Amino acid sequence: MTLTTAVPVTPAAAKPAPRVGSRGNLRRSPTATVLLLLGAAYCLFPVLWVLIASTKNAGELFSTLTLSPSTHLFDNVRTLSDYRGGLYWRWMLNSALYAGVGAAASMLVSAMAGFALAKYAFPGKSAIFNLILAGVLVPGVLLAVPQYLLLAKVGMTNTYWSVLLPSIISPYGIYLCRIFAAATVPTDVLEAARIDGAGDWRTFGRVALPMMRGGLVTVFLFQFVAIWNNFMLPYIMLGDDHLYPVTVGLSGLLNQGASQPAMYTSVVTGALLSIIPLVALFLALQRYWRVDLAAGAVKA
Amino acid sequence: MRASFSRTRPARPAPYAFLAPALILFAAFLAAPIVYTVYLSLRKVRVKGLGLGAGSRTEVWAGLSNYARSMTDPDWLPSVERIGAYGAIVVPIMLGLALLMALLLDAGRTRVGTFARTAIFLPYAVPAVVASLLWGFLYLPRVSPIVDAMQGAGITPPNFLGSSWVLWAVANIAVWGGTGFNMIVLYTALRAIPSDLFEAARLDGASDIQIALRIKIPIIAPSLVMTCVFSLIATLQVFAEPMTLRPLSNTISTTWTPLMKVFRDAFTRNDIYSAAATSVVIAVASFALSFGFLKIVGARAFSQED
Amino acid sequence: MNKKMTLAGALAAALILTSACGNDDKSDTSQAAGKVELTYWSWAPNMDKVVEGWNTTHPDIHVTVNKQDGGDPAVTKLLTAIKAGSGAPDVMQAEYQKIPTLVSANAVADISKQAGSLKDKFPASAWNSVTLGSDAVYGVPQDTGPMMFFYRSDVFDKLGLQAPKTWDDYAADAKKIHQANAKQYLGTFSANDPGWFTGLAQQAGASWWGVQGDSWSVDINDAATQKVASYWGNLVQQGVVDNKPMYTPEWNAALNDGTQVGWLGAVWGPGVLEGNAAKTKGKWTAALLPQWDTAKTANGNWGGSATSVTAQSKHKDQAAQFIAWLNTDPAALKALAGDSNVYPAANDATSTALTSPPAFFSNQPDFYAIAQQAGQATNPFTYGPDVNVTFSSYNDAFGKAAESKQSSRFTAALTTMQQATITDMKNTGFKLAG
């Protein structure tokens, strides 16, 4: 956890921190420290458990004291890596691909849409915005089956596309981008760019995008996590397990049917390994994690 | 917010071009599936005789019979009541904890802030399926360190997945997974409050608690409202946690929540038509609940800038 | 304008890159002249190794295995693909109880022309499951799951108990074991495993569905099943067997620490025991299920599946050729038993592929002789076209019953199942007798 302290806490470029100096002068509060540590302990406990459990072999997982670590972590990782010729790592790569490409594309699409909704007046704006808002409320789980049936009509199921394309549209991302664009891109700057002769695309790419950068990273992270953790869509869309993301793959290891033992040690080890990339991403980009759900409302 | 910068100009194609990719994807992967779901909810399959052999199965119009069947299913009402109770547990506890942690972080009276913030946010990185698997291990008496510890301390541990605790057991997973995200949202809002708004109060001798209650919380109320709306939506859609825990106990039925009923109808019973009808009802309820809530609190969070 | 091109270009490039990745597995081989590519959905472990034997000897018909998550998800995906009109594999592993569902959804092809002659290679009960008593053939049996009783002989010896011959014996033993050690149970009633309960009902003589002319009969609440339900209800109510589901980490722990000392499993059970409680190897003994009537040995099935050709396959002849090989060729049977750990349905599997006991039961050389006896005693049973409705109703109704520990709730659960099944069948339009 030393890593975290190395990362500066200053909020992203979007807004200057309103108060920096006042922190050091405050008296420390043991109550605050204890409460925060309790919260941290509650959140870390299951993670600690999975860390310990992944060091046990199959027998130990069900027979030894639950919190006493064992020595089989590397054996477990090897068993998992050997499973059907390293399929697990292919699942991890697939997850990285779905989440990485999907989130990047989603960020761009959302940024363009959010920028347009925040900074232009045009007929149909309110209708479009309300439509997208309504999209925020539709559970993704419900959409997976009709999405499958429709994609099957164009023969796109069981491909990378079938998971990527539906992941790109994120009403929530558009909603956030609209807030970020409204809050961080001053209208005069856009006007100035226009007066200088910049076109709409140039203004967006050269002026607005850099200003929205802090918010865009948030949208990227948000969508990355959403895609990485998504289960239902790839579960329905994919038949070939070489295309599975890690969530669907792990669930398959767990649900082998009655005549096969569930591969609990591999699942536990796989679960641990699958969390690591996300945690690393969080720590690396945590200064961008500022989700200003209501910035628009505050300003209004 | 200031007026949009093209207000005074004639209509231009640019905003539509910016919106085009989003709208095309929206149409293809949200609007079309929704319309298709509504269509499916009005259809059903009829079979003839034994229903074996080609051609014995046809799709016909069903009117509203799928809706009627869905809503009169004896499992439907209990599942709706159950998520009501679940929401009444999860939303206040999760948001209460998130707010408390955010205020503690924001007050800046501790050295463990960065560590705690990261730790509390960490569960957000854990997929719900994996989180439920982990907590499942922690709930089952024979493999649970919690039960071990309680027994060691001479306390008779409750049966976490028994009928009187199971709702709390599922709620706990949601609280565990969701507190961090909401904490970050609220913390972001707290950090945006200019310090002069409460430095004066502090000089007048107001305590941190008074500052929090009288100044900070009212200012971040819009963020609280939004976290509340999103938590309510998530409540209606609770699915992965009970679904993963279900095989571990007798107390979680296949229709434990409305979305589980959709899943059962669509995937276990292969009755996609009833599933579609129930989906439509859930979606409509989501709209009603979120907009109803916003209306009640009078928030302008979803309103537009101009 | 320049910027627009770059943005669009980046997006397009990213997507093209990913689509290229999507096709890397199969695109090049299918082009070869005369060569047929088949996809095969199966959840049996190591099926790709078994299929390798086919691919090396049959260069013109190449089979790719797509591993699935088990019977239910595979059927769900297949039915969705059938509904969508594309996306189904050529060959599909199908549990026997799902075959009426698949036939009713027009998801599997009739291969009586290609595979009808294989009839004599399989036990009549297995063959009947793939024909549904008609002239059509909807698949070739792959494996069967005759139920067996596994018990910890060390615990039985210590308490001076004999292996139960009858269900009365089983109840008495369960009582003694639980009295000797309050933590120990001879078994558990699992509300999460409808296939298990169905097998027990089948042994008692139930057959939940039936075909009478052009209508179905549904008989879930019959006397035989009532007998089984009230038997288990009583044991659970007395607290002498556990009421928790099987296949949970809890159950695994109980198998490991010797608090579950018996299991009503099936012939594939050794693999499950080995995977979950490897260190108890050598302490278990396999036997026939306890009997209701010792004069007439009877048994039930839990699990087992056939291999079917899907209705969407464009190469039905080749697919049928492949599944005939897979389920009758001696080399394939050996691989199925050895690599995939299944109990092949073919009659001559016992002599060719099952010559030595499974590793976990190496102390019991007659393991497969007992299994064969269990298989031959298996009662006939007919599955209906909405077995999933019945099974999910089992989960819910018996879940509540097991949690309540009241015997009366167990028999009432059968009424719930019967009603749920009939309501669904009527609603879909199946013709029901009576």
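Why is H3(C) largely enclosed by the rest of the structure?

## Helix H3 of chain C

Eleven of the 14 residues of H3(C) are buried, so the rest of the structure largely encloses this helix. Buried here means 20 or more other C-beta atoms within 10 Å of a residue's own, with C-beta atoms placed from the backbone. Among the buried ones are C:Gly71, C:Pro73, C:Leu78 and C:Ile82. The cover includes H7 (140-153) of chain A and H12 (258-268) of chain B, along with S1 (36-42), S3 (91-95) and H4 (99-104) of chain C.

At 1.5 Å a residue, H3(C) (residues 71-84) should span 20 Å, and its end C-alpha atoms are 20 Å apart, which agrees; the expected span is 1.5 Å times one less than the number of residues. Just after this helix, C:Gly85 takes a positive phi of about 95°.

## Where the model comes from

This is a predicted model: local features need pLDDT of at least 70, side-chain atom pairs count only at pLDDT 80 or more, and totals for chains, interfaces and linings use all residues. Residues are numbered from 1 along each chain as its sequence is written, while chains are lettered from A and ligands numbered from 1 in the order in which they are written.

## Chain B against chain A

On the chain B side, 92 residues are in contact with 96 residues of chain A (contact: C-beta atoms, placed from the backbone, within 7 Å). Helix H1 (residues 14-41) of chain B supplies the largest share of chain B's side, 15 residues. Helices are DSSP runs of H or I, at least four residues, and strands are E runs of at least two, numbered from the N terminus.

Methods:
Two residues are in contact if their C-beta atoms, placed from the backbone, lie within 7 Å. A residue is buried if 20 or more other C-beta atoms lie within 10 Å of its own, exposed if 12 or fewer, and partly exposed in between; C-beta atoms are placed from the backbone.
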